[in-house]
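The structure is shown first.

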Amino acid sequence: MAKIIGKPLPNIPWEDKPAGYNAPVWRYSKNPIIGRHAIPTSNSVFNSAVVPFGNGFAGVFRCDSRALEMNIYAGFSDDGINWTIEHEPIVFEGDPYVTRCEYRYDPRVCEIDGRYYITWCNGYHGPTIGVGYTDDFKTFYQLENAFLPYNRNGVLFPRKINGKYAMLSRPSDTGHTAFGDIFYSESPDMIYWGRHRFVMGRRGGWQSLKIGAGPVPIETDEGWLLIYHGVILTCNGYVYRVGCALLDLDEPWKVKMRSKHYILGPEEIYELAGDVPNVTFPCAALADADTGRIAIYYGCADSVTGIAFTTVDELIEHMKKYPM
């Protein structure tokens, strides 16, 4: 059995796997957990990130306004399911030349040595990877953009690797990218990023158009467990599904295993119908080292937020049964 390397999380949101259910990931029976009108100005709340914080949880949420402006907001929860989201977007302190905002969306949050780092798709003459941090989810500081445009899906690792900060990303283009593979980069200081390494690329079927890292990778005794999204272009448009891979602990650009079959895809009405139909897009995962339980937060049809459950053993067994 695989073991998650990390902290226990006894209050992780959880619901047991339904009897007779044979997929490796199962949805919360009361999805969606966050509706599209969670704050007075929101058109939609989706593609958001959460972490344990204090005795409960905190997060950074993508809330597109009713003007369809994209921005990110702080939120808090006692149980990881019922959320209170601030009504005003996050204001970052820092160099005004960097903090000026064209748009912000699809955040991830990663705790490293007690500090909470946020990465997001940042509008800076095109989409790139914004980087910031907070200690209390009240005051936020923005650092330099990690890369030149164009890039998306910047996801930090939860600890330094070989003495360096590490990030996955997906170089892209200025539009709705019709391509995309996952790359690895490292930094001595969270400012200067380099030593870029190819990790993995598109394959056939559900992940034939583009792929991108999802939640912060989960460290296990067998490798980094990466949950990612894959996209196919069908005659009815894009479809976003979820897969998983296992990366080497010391050299994460080396893929040890990868799922050929997706682990979650749009099936329920809140995933099939919305501003962008047929989307399941993971941005966060909570993990309990004691039980191996994992709770995945994902955006549904670019409109609402859902949660789904699995275990580290479920995902690793899935990759062994259906290898790429």
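## Aromatic and arginine contacts

Searching the whole structure, which is a predicted model, gives 24 aromatic pairs. In one of them, Tyr 28 and Phe 309, the ring centres are 6.1 Å apart and the planes stand at 90 degrees; with angles over 60 degrees counting as edge-to-face, this pair is therefore edge-to-face. The two residues come from distant parts of the chain, 281 residues apart: Tyr 28 belongs to the loop between strand S1 (26–27) and strand S2 (42–53), and Phe 309 to strand S22 (residues 304–311). Buried means under 20% relative accessible area, so Tyr 28 at 13% counts as buried. Phe 309 is also buried, at 0%.

Ring pairs also join Phe 53, Phe 76, Phe 92, Tyr 116, Trp 120, Phe 137 and Phe 140 into a cluster.

| Arginine | Ring | Distance to ring centre |
|---|---|---|
| Arg 197 | Trp 253 | 4.7 Å |
| Arg 241 | Tyr 262 | 5.0 Å |

Another arginine, Arg 62, is located in strand S3 (residues 56–65). Its relative accessibility is 7%, so Arg 62 counts as buried. The side chain of Arg 62 has a polar contact of 2.9 Å with the side chain of Asp 64, and a polar contact of 2.9 Å with the side chain of Asp 106. Leaving out residues up to four places away in sequence, Arg 62 touches residues including Ser 44, Phe 46, Asn 47, Met 70, Tyr 105 and Asp 106.

Note on methods
Residues numbered from 1 in each chain as written. Predicted model: local features only at pLDDT ≥ 70, side-chain atom pairs only at ≥ 80, totals over all residues. Heavy atoms only, no water. Phe/Tyr/Trp six-rings, centres within 6.5 Å; stacked < 30°, edge-to-face > 60°. Helix = DSSP H or I, 4+ residues; strand = E, 2+ residues; numbered from the N terminus. Buried < 20%, exposed > 50% of the residue type's maximum accessible area, 1.4 Å probe, protein only. Lys NZ or Arg CZ within 6 Å of the ring centre and 35° of its normal. Polar contact = N/O pair within 3.5 Å; in protein donor to acceptor, adjacent residues only side chain to side chain. Contact = heavy atoms within 4.5 Å.
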